[in-house]
Amino acid sequence: KAAMETSGLPAIADDSGLVTDALDGAPGVMSARFGGNACKDDFERCMYLLDKLSNVPDNRRGARFVSVIACVFPDGREFTARGECRGIITKTPRGDGGFGYDPVFEVEGTGKTMAEIPAEQKNRISHRAYALKAFYDKLGKFLDEA
């Protein structure tokens, strides 16, 4: 809203995070800051997460990446779009691609972590891809109604 109010133009923003079942949704919106000052980079955050889940059995390691895009207009109208990608948290990192929690997030039904999936496939199945698709669909309907 601050960008829209400053510019007088419609504005969009997004955020995403990793939600884990066994940690009651953590790290969630704090994904980039999970572990606080003790975690200086993505690798340390992944290791911190794995440590937190070290005693969690396989059947309770469910997780999902979630992305939400918000859009606001100067006339007060607004909407959000959400996307998610389900999977599990592995016990060890796998793969060299991606960033963040990709090496410890195994995508449901693939047997591969996000870090093991080629970028072009990841860009079709990620939480951000689903959120953008939902955003595109909602924006079209939203503008048609205007």
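At 12% relative accessibility, Arg45 counts as buried; buried means under 20% relative accessible area, exposed over 50% and partly exposed in between, with a 1.4 Å probe and protein chains only. The model is predicted: local features need pLDDT of at least 70, side-chain atom pairs count only at pLDDT 80 or more, and totals for chains, interfaces and linings use all residues. Residues are numbered from 1 along each chain as its sequence is written, and side-chain values use heavy atoms, with hydrogens and water left out.

The predictor's confidence in each residue, pLDDT, runs from 0 to 100. Its mean over the chain is 95, and 99% of the residues reach 70 or more. Helices (H or I, at least four residues) and strands (E, at least two) are DSSP runs, numbered from the N terminus.

Arg45 lies in helix α2. Beyond its neighbours within four places in sequence, Arg45 is in contact (heavy atoms within 4.5 Å) with residues including Phe34, Cys39 and Tyr101. The buried residues of α2 (residues 42–52) are Arg45, Cys46, Leu49 and Leu50. Seen down the axis of α2, they fall within an arc of 135 degrees, so they line one face of the helix. That arc is taken from the directions from the helix axis to the C-beta atoms. The buried residues pack against β1 and β4. On the other side of α2, Phe43 and Asp51 are exposed. Asp41 caps the N-terminal end of α2, with a side-chain oxygen 3.3 Å from the backbone nitrogen of Phe43.

Five strands form an open sheet in the order β2-β1-β3-β4-β5, with antiparallel pairing. Two strands pair if DSSP finds at least two bridges between them. The edge strands, β2 (27–28) and β5, each pair on one side only. Helix α4 packs on the sheet and touches β1 (11–20), β3 (62–72) and β4. The direction of α4 makes about 160 degrees with that of β4; axes are lines fitted to C-alpha atoms, for helices over the stretch in contact, and angles run from 0 to 180 degrees between N-to-C directions.

Strand β3 is mostly covered, with nine of its 11 residues buried. Ala11 has Val72 of β3 as its bridge partner. Phe65 stands opposite Cys85 in β4. Five residues lie between the strands in the hairpin of β3 and β4, where Gly76 takes a positive phi near 100 degrees. Strand β4 (residues 78–89) pairs with β5 over three bridges. The bridge partner of Ile88 in β5 is Glu106.

Terms used
A polar contact is a pair of N or O atoms within 3.5 Å; within protein, one must be able to donate a hydrogen and the other to accept it, and residues adjacent in sequence count only if both atoms are side-chain atoms.
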